[in-house]
Amino acid sequence: MTNETATDDAPGSALFPEFDTLYDLIAAETNGLTDEQLDWTSDGYAWAKWSIRMQISHMASLIYRWLIVRWGDHTFPNGEHGVEDVEGLASSPYDRRMDDTKYYDLPIVLDKLREGIELTRRVLTERSVGFLRSRTVTQPSSLQWDMLTSLHPSGIGPSSEDPSQYTMALESTIRHIYYEEITHLFNIQRLKRAQGLNTVSDLPKVGYWTIDGWDVSEAAQNSSSVS
């Protein structure tokens with residue numbers, strides 16, 4: 001995925017061309033879905049407790065949380081990100097999703113996802129490879145992050161100053177965003193299969209869902225329920 005040969009003065013977009021087609025890849029998987037299909041959940045599987053609508057809301061929200069809330073001092077130091085209602089998009093009371101009272105209908109949710117992906121592409125265009133690799137933030141470590149870092153070739157790891165913290169470069173943050181989007185697209189596809197629906201997009205074989213030991217279970221065929 002990452003172009004390790006890119007020079008420091010190259011635009012960040014040289015590292016992540018996948019963002020150019022990411023929105024279309026995700027949106028294609030939602031075409032023609034009814035509200036019932038978008039909201040289908042199951043207590044039988046951990047991955048099925050979030051509906052397709054909830055998955056997409058999370059996929060949009062996480063971009064704003066990373067690039068504005070956590071990285072805003074570096075990515076938009078003058079606050080010129082142009083995003084309205086950052087609180088509703090990134091810091092709503094819902095579990096890592098946008099505010100459902102404002103962003104619920106699929107066209108609205110998809111529009112915010114598209115805007116988030118465009119925001120990512122803007123950062124990649126305006127910032128150089130050297131910038132992405134030299135700027136870092138810290139966050140608390142966890143067993144989950146210990147597992148997730150196995151897919152990152154560089155730019156993320158335990159802090160040398162505080163073992164309870166992880167140091168994360170902007171480059172690895174962008175990679176994390178992409179891996180999250182693809183992993184939740186995998187969830188959307190198996191939510192569709194659980195309902196007896198056909199999938200559309202050719203899922204890239206990257207992202208956290210490819211980690212050895214990740215739960216990639218599928219719903220039993222006789223448990224599908226489509227009205």
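## Overall fold

The model is predicted. The secondary structure of the protein chain comprises nine helices and three strands. Read from the N terminus, the order is α-α-α-α-α-α-α-β-α-β-β-α. The C-alpha trace spans about 55 × 40 × 30 Å along its principal axes.

Of the 227 residues, 50% count as buried. Among contacts with a separation of 6 or more, 73% are between residues 24 or more positions apart. The protein chain exposes about 10800 Å². Carbon and sulfur atoms supply 47% of that area.

## Charges and salt bridges

How many positive and negative side chains does the protein chain have? There are 19 positive and 34 negative ones. The centres of the two sets lie 1 Å apart. Side chains of opposite charge can pair when their charged atoms come close. Over the whole structure, a search finds 14 salt bridges. The table gives some of them.

| Salt bridge | N to O distance |
|---|---|
| Lys102 and Asp85 | 3.3 Å |
| Arg114 and Asp111 | 2.5 Å |
| Glu126 and Arg122 | 3.2 Å |

Take the pair of Lys102 and Asp85, whose side chains meet in a salt bridge. Lys102 lies in the loop between α5 (86-90) and α6 (106-126), and Asp85 in the loop between α4 (72-75) and α5, so the pair ties together parts that are 17 residues apart in sequence. Lys102 has 45% relative accessibility and counts as partly exposed. Asp85 is partly exposed at 28%.

Helix α6 holds the pair of Arg114 and Asp111. These residues are three apart in the helix, so about one helical turn separates them. Arg114 is partly exposed, with a relative accessible area of 33%. Asp111 is also partly exposed, at 28% relative accessibility.

Glu126 and Arg122 both lie in helix α6 too. They are four residues apart, about one turn of the helix. At 48% relative accessibility, Glu126 is partly exposed. Arg122 is partly exposed at 27%. Elsewhere, salt bridges that share partners link Asp20, Glu118 and Arg121 into one network.

## A buried charge without a partner

Is Asp99 buried or exposed? Asp99 is buried, yet it has no salt bridge. Lys102 is the nearest side chain of opposite charge, 4.5 Å away. Lys102 does form a salt bridge with Asp85.

Asp99 is found in the loop between α5 and α6. Lys102 lies in that loop as well. What does Asp99 touch, leaving aside its neighbours within four places in sequence? Asp99 is in contact with Gly88, Ser92 and Tyr94.

## Backbone features in the loops

Two residues call for a look at phi. Asp85 is not a glycine, yet its phi is positive, about 60 degrees. Asp85 sits in the loop between α4 and α5. This is the Asp85 that pairs with Lys102.

Arg96 also has a positive phi, near 60 degrees, in a residue other than glycine. Arg96 lies in the loop between α5 and α6. That loop also holds Asp99. At 44% relative accessibility, Arg96 counts as partly exposed.

## A link across the sequence

One more pair concerns helix α9. Arg193 is found in this helix, which covers residues 170-194. Arg193 is partly exposed at 31% relative accessibility. How far apart are Arg193 and Glu218 in sequence and in space? They are 25 residues apart in sequence. In space, 8.0 Å separates them, C-alpha to C-alpha.

Definitions and conventions
Residues are numbered from 1 along each chain as its sequence is written. This is a predicted model: local features need pLDDT of at least 70, side-chain atom pairs count only at pLDDT 80 or more; totals for chains, interfaces and linings use all residues. Side-chain values use heavy atoms; hydrogens and water are left out. Buried means under 20% relative accessible area, exposed over 50%, partly exposed in between (1.4 Å probe, protein chains only). Contact means heavy atoms within 4.5 Å. Accessible areas come from the Shrake-Rupley method with a 1.4 Å probe; for residues, only the protein chains shown count as cover. Lys and Arg count as positive and Asp and Glu as negative; His and the chain ends are not counted. The place of a charge is taken as NZ of Lys, CZ of Arg, CG of Asp or CD of Glu. A salt bridge is a side-chain nitrogen of Lys or Arg within 4 Å of a carboxyl oxygen of Asp or Glu.
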